[in-house]
Amino acid sequence: MLKTKKALVNRPALGVFPGEYWPNKLKSVLLAVSPGLPNVTTMMCGSCSNENAYKSMFITYRKHQRGENVDFSESENNSCMINQPPGSPHLSLLSFHGAFHGRTLATLATTHSKAIHKLDIPSLDWPIASFPKYKYPLEENIKENKAEDEKCLAEVEDLIEKYNKKGHSSCRNCSRADTVRGRR
Ligand SMILES: Cc1ncc(COP(=O)(O)O)c(C=O)c1O
């Protein structure tokens, strides 16, 4: 209990100066309920978690493109410092109309629930697709809902193609919004 209190009080410092008890806490509490994933990291908020997930997806995507153990080129090292490709590549992440993923800059680009969250903030030109709107009860609307799924999936395919043509390729592995929230 004392250790948990210590961790909570020192939460902002956990990333840089974790207490010696912290790895065991992560193992016995979070990894104990992990659905098979071998590692865990903690974040300060939902937006930070999504920001970190977005960055991880882009890094993984570029690693696959570049090849394992291939070093960054001089041109990548130089261009990323001024936000230009190839170091800062024109990649995009597909999100869905109505989604809420947070209010930090990158997550806000994937948030589409209320204008007041987004007004006056510059954003990223990333694709946004329709999320299927199902008719209920599901068992009485199987045909309609299947048609809705097909329409939305076709839109996703079109957007991926459109953004690939623009040179802003969509990370296919990362093109699913985690939730859609209509009430914000
Ligand atoms: C689905 C979803 N993503 C992201 C967030 C952002 O979390 P936070 O407000 O902790 O940054 C929220 C917050 O309600 C959320 O519901």
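In this predicted model, the second largest pocket has a lining of 17 residues. Those that lie nearest its centre are Arg11, Leu14, Trp22, Leu26 and Thr42. The volume of this second largest pocket is about 380 Å³.

Which helices supply at least two residues each to the lining of the second largest pocket? They are α1, which covers residues 2–9, and α2, which covers residues 22–30. Of the elements involved, α2 gives the most to this lining, namely five residues. When the lining of the second largest pocket is sorted by class, 11 residues are nonpolar, four are polar and two are charged.

The reader may now turn to the largest pocket, which holds about 980 Å³ of space. Among the elements, α3 gives the most to the lining of the largest pocket, with eight residues.

In total, 33 residues line the largest pocket. Phe58, Gly87, Ser88, Pro89 and Leu91 are the lining residues that lie nearest its centre. How do the residues of this lining divide into nonpolar, polar and charged? There are 15 nonpolar residues, together with nine polar and nine charged ones.

The lining of the second largest pocket receives its greatest contribution from α2, whereas that of the largest pocket receives its greatest contribution from α3. Charged residues number two in the lining of the second largest pocket and nine in the lining of the largest pocket.

Technical notes: Residues are numbered from 1 along each chain as its sequence is written. This is a predicted model: local features need pLDDT of at least 70, side-chain atom pairs count only at pLDDT 80 or more; totals for chains, interfaces and linings use all residues. Side-chain values use heavy atoms; hydrogens and water are left out. On a 1 Å grid over the protein atoms alone, a cavity is a set of points where a 1.4 Å probe fits but cannot get out, and a pocket is an open set with protein on both sides within 12 Å along at least five of seven lines; lining residues have an atom within 4 Å of a point. Grid points are joined across faces, edges and corners, and a volume is the space filled by probe spheres set on the points. Helices (H or I, at least four residues) and strands (E, at least two) are DSSP runs, numbered from the N terminus. Ala, Val, Leu, Ile, Met, Phe, Trp, Tyr, Cys and Pro count as nonpolar, Asp, Glu, Lys and Arg as charged, and the others, Gly among them, as polar.
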